Amino acid sequence: MTTRYRVEYALKTHRRDQFIEWVKGLLAVPFVLYSQPTGVVGDGTSIAKMSEEAHRRYAEIMRDVEMMIDDHIARQNQNSPFPSKLGMLVPTAGPFFTRLPLEAAFKYQDRKRYISCRRYVAPSFNDVRLVLNSAQIMAVTNGTLQLATFDGDVTLYDDGQSLEPTSPIVPRLMNLLRNNIKIGIVTAAGYTSADGYYGRLHGLLETIAESTELDPVQKQNLVIMVVDTRNGILVRG
């Protein structure tokens with residue numbers, strides 16, 4: 001069931017990532033041109049050709065966006081006074097810290113999700129987000145990852161719930177700490193005392209405290225960032 005949090009979030013356009021929405025709009029064009037949303041079942045050859053052509057065009061678009069991000073990164077590193085093409089098309093696009101191999105990431109996700117084979121459902125916001133996530137993972141695994149940040153609600157745990165010791169995400173977070181990777185957790189929960197935040201994250205905090213595998217330095221590599229949405233303040237905990 002869709003939660004009230006998800007519904008309200010989806011209705012607020014200013015809270016949706018405009019870069020992802022822009023990429024989704026680019027992918028909608030080849031979907032309209034190459035998909036065959038007909039009630040009559042066609043022959044397998046035409047559907048396979050449609051899928052192949054859609055895959056080619058989707059990959060080309062991702063490669064073009066990838067090159068625009070490369071240009072955007074080059075300009076930001078040079079402190080160029082002139083905006084990048086991406087900056088002009090998506091004014092809300094901020095700085096990028098790693099290049100994103102979007103074409104390779106799309107091909108990977110397409111093999112898993114069959115995005116190019118769809119005849120009735122265009123590439124969605126979540127499809128694009130997964131491609132971006134895969135591209136980011138591909139980028140950081142080629143180097144040394146130092147920091148991984150996560151949102152709380154609807155990321156580490158369900159909306160309004162807590163991070164329990166039995167959560168399957170806890171061993172994964174512990175593995176990051178064992179590999180000397182710092183973890184940042186960002187939350188906008190408006191508690192007035194530390195007890196509220198401890199209650200939401202107690203599963204991870206207790207596991208870290210009881211761990212005999214982490215050394216004292218690794219145990220301090222967890223940072224909790226509390227966002228005060230009323231005043232726009234970021235508080236470190």
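This is a predicted model: local features need pLDDT of at least 70, side-chain atom pairs count only at pLDDT 80 or more; totals for chains, interfaces and linings use all residues.
## Ground rules

Local features need pLDDT of at least 70, side-chain atom pairs count only at pLDDT 80 or more, and totals for chains, interfaces and linings use all residues. Residues are numbered from 1 along each chain as its sequence is written, and side-chain values use heavy atoms, leaving out hydrogens and water.

## Rings that meet

Rings of Phe, Tyr and Trp (its six-membered ring) pair if their centres lie within 6.5 Å; planes under 30 degrees apart are stacked, over 60 edge-to-face, and the rest tilted. That gives three aromatic pairs here. Take Phe19 and Phe96: their ring centres are 6.0 Å apart and the planes sit at 70°, so this pair is edge-to-face. Both residues, Phe19 and Phe96, are buried (under 20% relative accessible area with a 1.4 Å probe, protein chains only). Ring pairs also join Phe19, Trp22 and Phe96 into a cluster.

Now for Tyr58 and Phe106: with centres 5.8 Å apart and planes at 80°, the pair is edge-to-face, so it has its label from the angle. Tyr58 and Phe106 are buried as well.

## Two helices side by side

Helices here are DSSP runs (H or I, at least four residues), numbered from the N terminus. Helix 7 (residues 169-178) packs against helix 8 (residues 194-210) at about 45°, with the axes 10 Å apart; axes are lines fitted to C-alpha atoms over the stretch in contact, and angles run from 0 to 180 degrees between N-to-C directions.

Conventions:
Buried means under 20% relative accessible area, exposed over 50%, partly exposed in between (1.4 Å probe, protein chains only).
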